[in-house]
Amino acid sequence: MTKIKSRWASRIACVFAVLLIFCDLPEVHSQTRAEIDFFETKIRPQLVTHCYECHSDDAGKARGGLKLDSKQSVLLGGDSGPAVVPRSLATSLLYKSILYTGDDYQMPPKGKLPPSVIADFRKWIQMGAPDPRVTEISPAVESEIDIDAGRQFWAYQPPRRPDVPASKRSAWAKTAIDRFAIAAMDQHGLNPVKEAPAETLVRRLFFTLTGLPPTPRQLNDWTDRLSKLTSDETSSDSGRESRIDQHAYADLVDELLQSPGYGERWGRHWMDVARYADSTGGDQNNLYQHAWRYRDYVIDSFNEDKPFAQFIREQVAGDLLPVSDDNEWAENVIASGFLALGVKRVGEEDQQKFFADLVDEQIDTTMRAFLATTVACARCHDHKFDPIPQEDYYALAGIFRSTQTHYGLLKAQARQATTLLDLTGMGPPPGAPKLSAEELQTLIKERDDAARAVSDAMNKIRSGENVFRGTLRRLRSQRDETEAALQAFSNRGEPRVFAMGTQDRDHALPTRLLVRGELDKPAQHVPRGVPQVLCSSNKHTLHARSIDADVRGEFRNAQLGSPAFQSGSGRLHLAQWIASERNPLTARVIANRVWHWMFGSGIVRTVDDFGNSGDRPTHPELLDHLAMHLMQNDWSIKSLVREITLSRTWQLSSEHHDANFAIDPDNRYLWKMNVRRLEGEAIRDAMLAVSGELDLVRPTGTYLREAGEGGVGQNVFEPVIRSIETKTRSVYLPRVRSVLPEMLEVFDAPDASLVAGSRETTSSPLQALFMMNNPFVAQQAIALAKRIENTPPDQRITAIYQRVLARRPTAREVQLGAQFLNASAGSQTSSRLNLLSSSQTGSVRFGRRNRFSRQATSSGQPDPPNLLAAYCQALLCTAEFQTIQ
């Protein structure tokens, strides 16, 4: 903690400058008439004459992100920090630039100001930079939303443990989940289909819990264990006992929940919600070189089964939580990267607009991810559908505006760059190898040469030579890049540990509501707080609307032990409020997300929107039951997953039923299991797994390390990112916004611009063409064929089916496969390949230009290994391989 605070000691002045965003800065002292006259006669005329041409609203320019035509803009400054810091000549960049002593800025560019004018600026800053220019305050904005009426909406009612319903078919049910499901089926005249066979359940469990297929040995062993029947277990018809050995089935569930693959699979789910990416997106799309630490934190949290309430607190306010050692604090800081990972328009010149957009993105992500509530819709006006007035938006904005967000980037390449948080020596491992002495000296030389080039260019400018601005900008960019590369290592060449994350500002920023969301139309002050509709009307409860009002007493009543609010931004209180069992949405939202990830559809289908414009729950009592189960089991996600997998509802087959389909074609009432297309990551991982090529070792750091700093399309090219080859799991592939790996893009991976609790699932010819022609797919087919080559010929078809589709082939499929692999020498290769098109697996048809069919022996016959690889690829292309039944 001390390291980070000392790192920012020289920039404390920035805090006071940012106080002016959206609001008026409290005066350090009242401005005297003499001070105001001094500004009007000595300072304002010079600003108008020499500065407004490039730094004012009237000119429509803000060179370097700096405007000088208002008090707020002067104190806020531009890309390099505040232009003026009252009573501090050393940190006032405006004063340093008019002295013409620095290497970077010399203003005005047409020539140095007279000594008397420079002396006036010196005196003005020393007297506290008095400035009478103020922003006009708009009248207070009133809301007509009836909050009390809004609280009657189902989602804003506290969850309650419902009574488990009774049914004439209660014998069918194994768990409480089943009783809720069968009661809904009774109400709609539906009948559950039979249970899935053991082979199908084994594959379903493996993919759902780990994102990987079972090996043939695992498939056979678990299928045998699950299929053992007692004398009474003779039928799977409705109302009778299961054909699945539930004790063995529970053992398999427990084993998979302990697998490292569980965290990688379920961590990827959460990263969709957290809009995880390795770049800023936006106008310049600069790379985040340190986002991977948050990725690993999420995976580890799911594997450890961290209580979801704690998971919330760490992501929203990890840097503020009490800790026992540096290691724990470092992990919490990394967790707060949740708030730093969003889209950012880092090329934005207007720093006030950038900051407002940053806060807006954090509000939207936090409220959608944890509460499925679209608060950001109230930035410019009252919410059109939900009972959220504009004032509530700015109540939350006050919390996030009082937070510093650290995401890095190079200042020379991104106007809105920040520092990173230095965690060196606090426990987290470095993400890069140690430099050799020669490599370190090379970096030092590059840094010194780049700095010398900038100094030489500035000397030429001082001597009157013409140096193009583009040249100077390029030299400064090279200097900053080499300096950043060197700063990533100690003087012994050991890599330093940096992370994205948050820190509280030293002072909370007062916030004004903005009329129509416009920065130049501030209205009334808004105290920090949370949405009123989610709070009790009793001001002495946890849900009291304003966090600013007696927070200590409110949270003490809730037994949350919150520290005094006045010492921080309010994020810690916000995190505790979201993670509270008394919050009406939190447990429901994550329980619904878990259900969606397991069934392919949530009880509330709009998983990111529980508001009036979202869907209503199909089973509201079941949703409350799941929420209560989660909270009463210490917010354990694994416990909830286990509860769902053990239900008979989740173990149903996905077979079609005409009568049920006529009543409920979308399967909203769970009469069968949904057939789900695997995500692109799972398809890729499954191909690597069945081919034997999958590397299960977690990589250290990011694969973008070699790409370096910068924006995609500038010094970092898209082909460099798309061509990254690795056999590790897909969760570790770079997720650059707008530049996804081709396979993930083709199979509908989200671009991480917004919270994505559910993915679109499309069916496109591009997907079939990719599977047929992409070299990666062909390589996995060849590797799989090599694994099968030593299998006796009469067992090859069965071995391939068990490895690829996790089941035994039918007699017809064995016949077709044998015809293909053992066809007579006179047959055409393409016709043999086409035999696969009639297989029950739905294999795609290979044409004559297929990469395998063109390869033949000198006798004109296709090479058997190539035919075997073609057959393997045909099965990889099937819809069955790409779906969970």
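Disulfides first. This is a predicted model, and the number of disulfides in the structure is 0. Take C54 as a case. Where is the closest cysteine sulfur to the sulfur of C54? That sulfur sits in C51, 8.9 Å away, which is too far for a bond. Another cysteine, C535, is buried, and its relative accessible area is 2%.

Now the chain as a whole. It has 885 residues, and 58% of them count as buried.

Next, the secondary structure. If you go through the chain, you will find 34 helices and 10 strands. As for contacts, consider those between residues at least 6 apart in sequence: 70% of them join residues at least 24 apart.

Last, confidence. The average pLDDT for the chain is 84, and 85% of the residues score at least 70. Which stretches should you treat with care? One of them is residues 538-545, where pLDDT stays under 50. Another is residues 548-566, where pLDDT also stays under 50. The model does place contacts there: beyond four places in sequence, it has 34 for residues 538-545 and 36 for residues 548-566. Where pLDDT is low, though, the predicted coordinates should not be read in detail. Keep that in mind when you look at residues 538-545 and residues 548-566 on the screen.

Key:
Residues numbered from 1 in each chain as written. Predicted model: local features only at pLDDT ≥ 70, side-chain atom pairs only at ≥ 80, totals over all residues. Heavy atoms only, no water. Disulfide = S-S within 2.5 Å. Buried < 20%, exposed > 50% of the residue type's maximum accessible area, 1.4 Å probe, protein only. pLDDT = per-residue confidence, 0-100. Contact = heavy atoms within 4.5 Å. Helix = DSSP H or I, 4+ residues; strand = E, 2+ residues; numbered from the N terminus.
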